[in-house]
Amino acid sequence: MVCRAYALLVLFLFAETLFAQKGDPQMQYQLSFPQAEAHYVAVELHLDQQDTTETTLVLPVWTPGYYMILDNPAHIIDFEVQASEGVAIAWKKTSKNKWTITHPRNTELEVTYRVYANRTSVAESNVKDSRAFLANTDIFMFPEGRKEAPILVSFQLPEAWESIATGLEKVNQNTFYAASADVLYDSPFYLGNQKMIAFQQLGKDFSLAIATPKGLNEQQFVGDLRKIILRTTDLMQHIPFEEYAFIMMEPGGGGLEHANSQAVFTYGSFDFKTDADYKAFLNFITHEYFHLYNVKALRPIELGPFDYSKENYTTMLWVAEGFTVYYEYLIMRDAGLISEAELLKYLSSHFKAIENKEGKEHMSLERSSYDVWNHFLNTDAITDATTISYYHKGPMLGLLLDLAIRHESANEKSLDDVMREMYTTYYREQQRGYTEEEFWDTVAQMAGKPLTELRHYVETTETPDYEKYLSYGALSLDLSLNDDPETERAERAYELQRKAPENKLQEEIRKALFRYRL
């Protein structure tokens, strides 16, 4: 107990010095892992003097980018509160994710609790005796109404753990600074003995944390990451961070984007069986990296500031997610990491996924964005029959919009210009998200006219006129019937293919679209 009190005293004195430079002191967290083998993380929170008689702590029930309500509060145990003098303070649960503390005015509070962390997802924490992944939204609470207050996080690591990977600003080896709860929730931690690689690109610092590095060709992989970073920066013409962390974990499923990092699961090895497997992984990394522009910086206006206690609805995930799928392929192509044929193959897979499923008759692209909270990660039998995914139809509309803008502007403008213009206007200049109308206005600005027909395809279940729009880039769809051995049904191929250009504009659009230098 004496050691714990001394450690906290040192932390808090240090915090006062730090925050004198950064901002007013608000919260200091210290995390330890005395029962890591049982999947517990111990949390100690120091709150500065509260100029109230009641403080409510809030634990999020979802993670931005992971559109599902989670039972995070169910994993909080042994919640206790005392004043800095050691006097016990009364508290009670006032909702599923809120703890209300009653205390004398101007009281410093010491809050302790433990979190059971044993789930495998990019949005939920997982602690083992050898390492810990902290998603943060299921670990850290914030005082209601004070989400913008700065936070200091310090770790007491088990002796066998050597490294901490995160995109947060580092104060010292085990202490990190977040300007607000939003920043903390957007900055996961990976703690353990992962392989750490540091490199610089374009004057920015990058770190690479790999939990299972077997088979890693470091020179090739870092070289390919550099190409992805360069091509993405060429596209968006700005870098919105000083430091960025690639956190690559054990085998699992999925990844999650953050403003200063990405946390992704791997295949458990870098000994890829085929070249196609390696390129698929690079596509995945590129997707999460481009998200730092499209959804973190440039975002639908509903997606931030967040309400972490309930669903946050938007109709624009087909842009935030679907366009990111589209651009992962373009960036990979621009970086020379995939060929035109591979680019066409990747794009074709989305046409197949939509057009050969009944769900396209019942759900619009706009509705798939809004209703994701009902269907996220849902794989039951009704899903294909009644829904579509913006991960599939979003990149299809991205392609059609790109072709339409290029056609209407005589290849002077493209979807790239839409993304850059919106990024500059709404993120860099106005520091806010964009509305649905502002998105379509920017599209019209670049095309020179409103693209009302394509907007209609987003808002309804009507099948787009693929032949019309694909012809702008001298492309077509192979609609021949093939037997699908899995479904035992005949399905159309929906393979994108080149066709002879009818004029110079079509040829120029196709070359520009597929990143040939004109």
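**Group meeting: a walk through the model**

Okay, let's start with Ala-245: beyond the residues up to four places away in sequence, Ala-245 is in contact with Thr-166, Gly-167, Ser-207, Asn-260, Ser-261 and Gln-262. Before I go on, keep in mind that this is a predicted model.

So where does Ala-245 sit? You'll find that alanine in strand 19, which covers residues 243-251. Buried or exposed? Ala-245 has 1% relative accessibility, and the cut-off for buried is under 20%, so Ala-245 counts as buried. For a sense of distance, take Leu-415: between Ala-245 and Leu-415 there are 170 residues in sequence and 28 Å in space, going C-alpha to C-alpha.

Now hop over to helix 11, residues 415-429, which is where Asp-417 lies. Asp-417 comes out at 16% relative accessibility, so this aspartate counts as buried too. What does the side chain reach? For Asp-417, that's the backbone nitrogen of Ser-414, at 2.9 Å. If you skip residues up to four places away in sequence, Asp-417 touches Glu-412 and Met-446.

We've got 7 strands in an open sheet with mixed pairing, and the order reads 4-7-2-1-12-15-14. At the edges you have strand 4 (76-83) and strand 14 (169-172), each of them pairing on one side only. On average, neighbouring strands here are turned by 20° against each other, if you ignore direction. Let me zoom in on one pair: strand 2, residues 40-50, runs antiparallel to strand 7, residues 107-116, with 9 bridges between them. Within that pair, Val-41 stands opposite Val-115 of strand 7. As a reminder, strands in a sheet pair through backbone hydrogen bonds, parallel or antiparallel.

Last stop, helix 15, residues 504-513. Which residues of this helix are buried? Those are Gln-506, Ile-509, Arg-510, Ala-512 and Leu-513. They span an arc of only 165° around the axis, so they end up on the same side of helix 15. And what covers them? The cover includes helix 5 (317-334), helix 10 (390-408) and helix 14 (466-471), along with strand 22 (475-478) and strand 25 (495-498).

Both ends of helix 15 are worth a look. At the start, Asn-503 has a side-chain oxygen that comes within 3.2 Å of the backbone nitrogen of Leu-505. After the helix comes Arg-515, with a positive phi near 65°.

That's my tour, over to you.

Definitions and conventions
Residues numbered from 1 in each chain as written. Predicted model: local features only at pLDDT ≥ 70, side-chain atom pairs only at ≥ 80, totals over all residues. Heavy atoms only, no water. Pairing = 2+ DSSP bridges. Helix = DSSP H or I, 4+ residues; strand = E, 2+ residues; numbered from the N terminus. Axes fitted to C-alpha atoms, helices over the stretch in contact; angles between N-to-C directions. Buried < 20%, exposed > 50% of the residue type's maximum accessible area, 1.4 Å probe, protein only. Contact = heavy atoms within 4.5 Å. Polar contact = N/O pair within 3.5 Å; in protein donor to acceptor, adjacent residues only side chain to side chain. Arc of directions from axis to C-beta.
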